[in-house]
Amino acid sequence: MDVTNFLQPEVVEVNRLPARQPLESFANVEQARQDTSRFRRSLDGRWRFKLVESPSSAPRQWQHPATNDSRWATISVPGVWTRQSFDDLPHYTNVVMPWTGKEPPYVPEHNPTGLYRTTFTVPRNWRSRDVIVHLGGAESLAAVWCNGEFVGMGKDSRLPSEFDLSQLVTQGDNLLAVMVIRWSDATWIEDQDHWWHAGLHRSVYIEARPKVRLDELIVDADYEPKTQLGTCEISIGLNARRRSFTANLWVETEGGTGLSPLRTSLLTLPRADNRARSRCEFSALERFEIPSVQPWSSETPTRYRVVAELIDPNGKTVEVVTALTGFRRIEVSDRRININGTAIKIFGVNRHDHHPVTGKTMTKDEMREELVLMKQHNINAIRTAHYPNDHRLLDLCDELGLYVVDEANIECHARETTLAHNPRYTAALMSRVTRMVTRDRNHPCGIGWSLGNESGNAPVHSAAAAWISHTDPTRFIHHEGAERWRTTASTDEWKQPPSPSVQRCQHVVSAMYSPVSTLIEWAKWAETTALDERPLLICESSHAMGNSTGALDRYLEAFWQHDAIAGGFVWDWRDQGLLEHDENGRPFWAFGGHFGDTPNDANFCINGLTAPDLTPHPALREFAWGAQPLLAEHLGDCKVRVTNRRSFTATTDLAMEWAFTDDGELTRRGRELIDISPGTSITIDLSSSRPDVSGELHLSIEFCLRNATSWAPTSHVVAWEQFAISGSQQRLTHRHLPLDLVTDDQAELSVSFGGGDPFVTDLCASLWRAPTDNYGFGQSLLHGVHSLGGAQQRWEEWGLHQLEYELVNISRQQSDDECVISISRALHGTSHHAKHTTHISIASGVAVFDEHIQLPALWTDLPRVGIRFEVPPHFSQLSWFGLGPTESYPDRCSGSTLSHWQSTVDEQFHAYVVPQEHGAHMGCRWMQLCAPSGQGLRIDAATPLIMTARPHHDRDLTHASTLADLHQATTTEVHVDVAMRGVGTGACGPDVLPDYVVPAGDYRWTWALSGVGKPAPT
């Protein structure tokens, strides 16, 4: 058989069974409740495998049982071959295709093709049943043979393909052979922003289904919030051509307690109004009403079991299938997304199937780990970007409580405006939508269907939307391609009511990376004019690439404050780095280009709120704070108003823990049990507990779980806030270990204890910091150029990365108890210079620095203004009184709190996939660096400053492309900054907001350097 005949878009499948819900066949009800079926066998494990250059290169009769495969390699299934030590490697592109010189539907002649072989036996109790093989996912085309005979073929890498093997299986060993072709016509509509892999990346199993069986179990569970009535409409479909079978149907709790009466339904020919619901010859439609049902939501994910028991004419149970469901109602109206009659807010992330070792293959436990981490950070929704995720992920979202916008496996980014209009692809595009809906429609977590991503807007999208509206009108439809212009246009053109065609395929207003001001402006327009009834749902926002997500608090606050903004999804959840090692065995996270993949889009796949191994980035804490379900507001003195921002649940599961601090030191704490109904507030007065202090008095509040849940332990903090009550920062304080400050002829400064070896060196002004991804788009990694013309390009043009320091003047005045040194320098860039003047007063072994930097008018936007110096690495113990516990920046510090924090210098390193600026702490009153002996130095600020201490220097962070390139310096680099630029989201989205730019002008600040600890013995 010439399989290359399949490489055309009109051929979507051959002999593939119709899509259906992921039902499992059980012999009886008890087995169904215990999820112990005798009729499914996993084929996961080690298969024989051979990789050839193209489909036509496959050995003759490779799929035949007589072929000896003992010398073939073995491969793990599920798993992509690109991550299993074969010559064909991962390839990353975002927009462009992974080749050049081709137009759709054509692909390169060199087309790596995997030949898979495994054997299985058929148990005796299966012989009267149909034997079905299930391929959970194959990238990008899978053709199947059984015992040497061709079975069928299927495309769509992210949905299952099932084939009937019944006529081909025999007693004893049976050979299953699968050819997976890496590139196909389907690749053109799977051009998502992710790695190109290849292989059987989801589980494979065989299953025995009765000859007469229930092939469909469709559940629509509705909830009436006013009466608390649950309505369950159950549609079943019989794979048979006989009328004499019946089905027992009922609804029960997950524990097996019945909630509805058993109803026996005679399977008949479907009525005309039910044919859209059933693809089977015979079906039944039953409706149950259950009073006082517990509704499903992300806050209360209560599930119920629907049971369908097929009975033959003799009254014998043929099979049992079940579906877990939840009662809930989704409505989109008046610019709101309502669940169970109440408006909700979406605090979501875009999620890829990704694992740093296995590529696209994940276990259920690994998926659960992801979702638990999301829940712990107040994430309540997922957009399955940009394809249906493994169906087990939706099972977990049902269980744990996360809303899902389920997205079809459609993206033709490289031909975004044209390919969807190509009639040759119409069937394929429709198939991907209809098969997704068919598979996933029973999940209560699914609140919306998405027609794909970055695939333009064509008649096929309208047709797909119409099919969904007819088949499943219970959820909204999302299609960003219908009106991407709407919130990105530079004029008021987007403030227009939607056209009828847009309304039919886009029930929400979609946006990508719009400035928060634009979103607010649209929301105000929509609320004022009522010209658009749809809510705004930002499908991609706050691009989290590296040290990023600046102004995330403003986006999330806009969600809370503006009813017309339903929320959005951060791009994205997890850095898509792949674990590799350099020639010296040093690990790093690989991205585009590390596998010889050309063309590539470098590190543009590295944009998650977590690292590839799920280590949270500091931005995740900021998200958790902005999305927190309780709001605490300071009313003055020690009064606090607490608002329950949840939609459905009171706060009886939480305790409020409060603490007063004096200059960061804990003075008094307490605990209150709170009971606040959804959407209401109470006032708490802690004045009677207020301590009498002399320093800065702060009140910190945390809302903690009183009991463990399925996603967090007891005392997990779900919300927090801090308020300044009284007092002001104390004057500069000094410690007891005197220091000496020495200057040479060029005014180079060094500091020592009692004339010993210098422990502060290279003290100078600093205007440069290691660029983040947002400033230079992967530090110029993409195609080797500053492709987006970011801030880094300007800074280098000005010469900020290699300033030359010219001494202008130095003077010294000495008295009996004080020495004053004045130093003036010019900081020369390429064509302009700054002026730096510092006055140092040294008395009692303490140095006080009065700094003044004058920046030229041309330098309108700088990375930082401050002082830099180095200290020995044995000053490894770090403490500070400032914002923490994680790093903070001017536009990403709302979730930080002021306290005394303890750490080490090494722990300040944050391993962004591409090394870059990190580790700053806003609002620092002081910072100490000490040796384990306790001796060290202290930095005090007259007014709060930004302080950083880390084991890697700016120059090393600037030049490193991966973590393996980065080597720890021989000294610790310290920064004391009066101003620092925000981080923004400029790699894909708005740059730093004007409030967080460091402009030209004069900068003055005062700081002190002193010793701590005891002097060394003499």
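Tutor: A salt bridge is a Lys or Arg side-chain nitrogen within 4 Å of a carboxyl oxygen of Asp or Glu. The model here is predicted, so local features need pLDDT of at least 70 and side-chain atom pairs pLDDT 80 or more, while totals for chains, interfaces and linings use all residues. Residues are numbered from 1 along each chain as its sequence is written, and side-chain values use heavy atoms, without hydrogens or water.

Student: How many salt bridges does the structure hold?

Tutor: It holds 64. Take R368 and E399: their closest N and O atoms are 3.0 Å apart. The pair links distant parts of the chain, 31 residues apart. R368 sits in helix α2 (residues 364–376) and E399 in helix α3 (residues 391–400). Helices here are DSSP runs of H or I, at least four residues; strands are runs of E, at least two; both are numbered from the N terminus.

Student: What does E407 form with R383?

Tutor: A salt bridge, 2.9 Å from N to O. E407 lies in strand β30 (residues 403–407) and R383 in strand β29 (residues 381–384), 24 residues apart. E407 is buried at 0%. R383 is buried at 1%.

Student: Where does D653 stand, buried or exposed or in between?

Tutor: D653 is partly exposed at 29%. Its salt-bridge partner is R646, at 2.9 Å, N to O. R646 is buried at 13%.

Student: Which residues are linked in a network of salt bridges?

Tutor: R20, E24, R40, D130, E162, E207, R209, K211, R213 and D215.

Student: What is the order of the four strands in the open sheet?

Tutor: Strands of a sheet pair through backbone hydrogen bonds, parallel or antiparallel. Two strands count as paired if DSSP finds at least two bridges between them. Here the order is β42-β41-β44-β45, with antiparallel pairing. β42 (665–673) and β45 (717–726) are at the edges with a single partner strand each, so one side of each lacks a neighbour in the sheet. β44 (residues 697–705) and β45 share eight bridges. E702 has W720 of β45 as bridge partner.

Student: What is A624 in contact with, beyond its neighbours within four places in sequence?

Tutor: Contact means heavy atoms within 4.5 Å. A624 touches H377, N378 and W720. A624 is in helix α9 (residues 618–626). A624 is buried, at 3%. Its C-alpha atom is 9.9 Å from that of D553, 71 residues apart along the chain.

Definitions and conventions:
Buried means under 20% relative accessible area, exposed over 50%, partly exposed in between (1.4 Å probe, protein chains only).
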